[in-house]
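Subject: A structure for you to look at

Hello,

I am passing on a structure that you have not seen before. Please open it beside this message, and then read on for what turned up.

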Amino acid sequence: MSEVAERWGSRRAFIMAMTGAAVGLGNIWRFPYMTGENGGAAFLMLYVMFVLILGLPVMMAEIAVGRAGRRTPMQALSHLAVNNQRSPHWRWIGLMGAVTVFFILSFYSVVSGWSLEYLFDSVTGRFAGQSGAVIGQSFEGFLADPFRVIFNHTVFMLMTMTVVAAGIGGGLEKLNNVLMPLLYIVLFVLVGYGATASGFQDALAWLFTPNLSVITTSVVLNAMGHAFFTLAIGACALMAYGAYMPEHQSLPKAVLTVAVLDILVALLSGIAIFSVVFSQGMDPASGPGLMFVTLPIAFADLPGGSLWLGAFFLLLAMATWTSSINLAEPMVAMVKSDRMSRSQAAMLVGGGVWLVGLPSALSFSTLKSWYLWGDGNFFDVVTTVPTDIFLPLGGALIAVFAVWVMDRDEVFKALGGSNALCQTWLWLTRWVSIPLVVVVLMAPLIKSWLT
Ligand code: PFF
Ligand code: NA
């Protein structure tokens, strides 16, 4: 239970690691299709609002707990609780987080595998000059092929666990930091392409003119879950990173930087993708395949399209890689012990996640109609329940811990901002963020009792 000795080398290294965790499939794949399925601008508005009033305070709380505890999540929680004469049982929040990331990583790896497949398909020029219909069919065809989907899932899981086992995440963050600006450039090019497409105006209207009548309890729940997912909070994954935060750094500024970048990437992807959706007369609510169909269509028309598309999927793979490493870290840190080395822990966790990923990989073929919940198959359930319920629940519990269990000076010191800022954070977290999570989580229940 001793303190961790490592620290991020610099202020920048810490921001880099957090950005690596935050920017990933959540922004480029999940944000557009969720926006499409939840009615467009109203969803976007709710999501940005949740990032600001829930995401920022909870992210600060989560990292502050890690920084004050200077241990792996479960140890940090019990150490701080016991120091404040509270029950060590608070550590179970850490276990809940580990279970949550276990399920999230299982589908994250499958979908990242789709991008690996598309990386190879695009550099080999498979989509060049193809029509929208053909590109759409080829995605369906790929998903219906269990072998190819599982193969790519396996490759991605190996990539993730190799880095986690070697504990060389830092090297990857550095590489990522060099490559991410390129991702922004490719996204800007795509937005530029979108601006010339016939659906551009419709896309902007769809994204930025909210129709409040589409808001239901489930839209609100989805927007809240997505805010937690995209910021990588609520599962103690960033808490694990917070333990390595240097002494003299203000947390609020770092957190704000990361959140702004994260929103920016989501908006750029959204504009690029929906321009194609509306130009092609596609349905915005076409689900998880949205990005995989629209972007090849966009690039098919661009000069040098195959290369651009290849570059895009390469950069996407890099972005998802650093996020999946962050997802794996809290589990590996937890399983690792005196008797089990880091590599053994990574193998065990990786094997388990890989297995649980299989039903997701098969959810578009063999297990398509294996319904677990209403008309939701395994993939549908695993991509929603951990994100919409367990991330917000975990985030709220972490926030309760930071504002009600920890000593005020202790948590303010870990936040490292000005006193006024810390006071504002404390007030907002106690009286707005935590109650809001509770209300949104309860709303569907209350509604179902009433009707
Ligand atoms: N934030 C990542 C993304 O947007 O792709 C996903 C993620 C990472 C979720 C880490 C949760 C987590 F703990
Ligand atoms: Na994100």
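First, a word on terms: helices here are DSSP runs of H or I with at least four residues, strands are runs of E with at least two, and both are numbered from the N terminus. The expected span of a helix is 1.5 Å times one less than its number of residues.

This is a predicted model, in which local features need pLDDT of at least 70 and side-chain atom pairs count only at pLDDT 80 or more, while totals for chains, interfaces and linings use all residues. Residues are numbered from 1 along each chain as its sequence is written, and chains are lettered from A and ligands numbered from 1 in the order in which they are written.

Let us start with helix α6. Its 12 residues reach 17 Å from the first C-alpha to the last, close to the 16 Å expected at 1.5 Å a residue. Which residues of α6 are buried? They are Ile135, Gly136, Phe139 and Leu143; buried means that 20 or more other C-beta atoms lie within 10 Å of the residue's own, exposed means 12 or fewer, partly exposed is in between, and the C-beta atoms are placed from the backbone. Seen down the axis of α6, these buried residues fall within an arc of 100 degrees, so they line one face of the helix. The arc is that of the directions from the helix axis to the C-beta atoms. On the face turned away from the buried side, α6 carries the exposed residues Ala133 and Gly141. The cover over the buried residues of α6 includes α7 (146-166) and α13 (290-300).

Phenylalanine 139 counts as buried because it has 20 C-beta neighbours inside 10 Å. Leaving aside neighbours within four places in sequence, phenylalanine 139 is in contact with Gly289, Phe292 and Val293, where contact means C-beta atoms, placed from the backbone, within 7 Å. Its C-alpha atom is separated by 9.4 Å from that of tryptophan 114, 25 residues apart along the chain.

Next comes α7, with 21 residues and a reach of 30 Å from first C-alpha to last, close to the 30 Å expected at 1.5 Å a residue. Its buried residues include Val149, His153 and Phe156. After α7 comes glycine 167, with a positive phi near 60 degrees.

Helix α9 (residues 200-208) has Phe200, Ala203, Trp206 and Leu207 buried. These cover an arc of only 125 degrees around the axis, which puts them on the same side of α9.

Now for the core. The largest nonpolar core has 160 residues, and Met60, Ala64, Val65, Leu238 and Ala402 have the most contacts inside it. Such a core is a set of buried Ala, Val, Leu, Ile, Met, Phe, Trp, Tyr and Cys residues joined through C-beta atoms within 7 Å. Helix α3 (residues 41-69) gives the largest share of this core, 17 residues. Not counting residues up to four places away in sequence, alanine 402 touches Ala61, Ala64, Val65 and Val411.

Finally, the ligand. What surrounds ligand 1? There are 16 residues around it, the closest being Gly24, Gly26, Ala232, Ala237 and Ser323; a residue is near a molecule if its C-beta atom, placed from the backbone, lies within 6 Å of it. Among the helices that each supply at least two residues of this shell are α1 (11-22) and α14 (305-335).

Best wishes

Technical notes. Contact = placed C-beta atoms within 7 Å.
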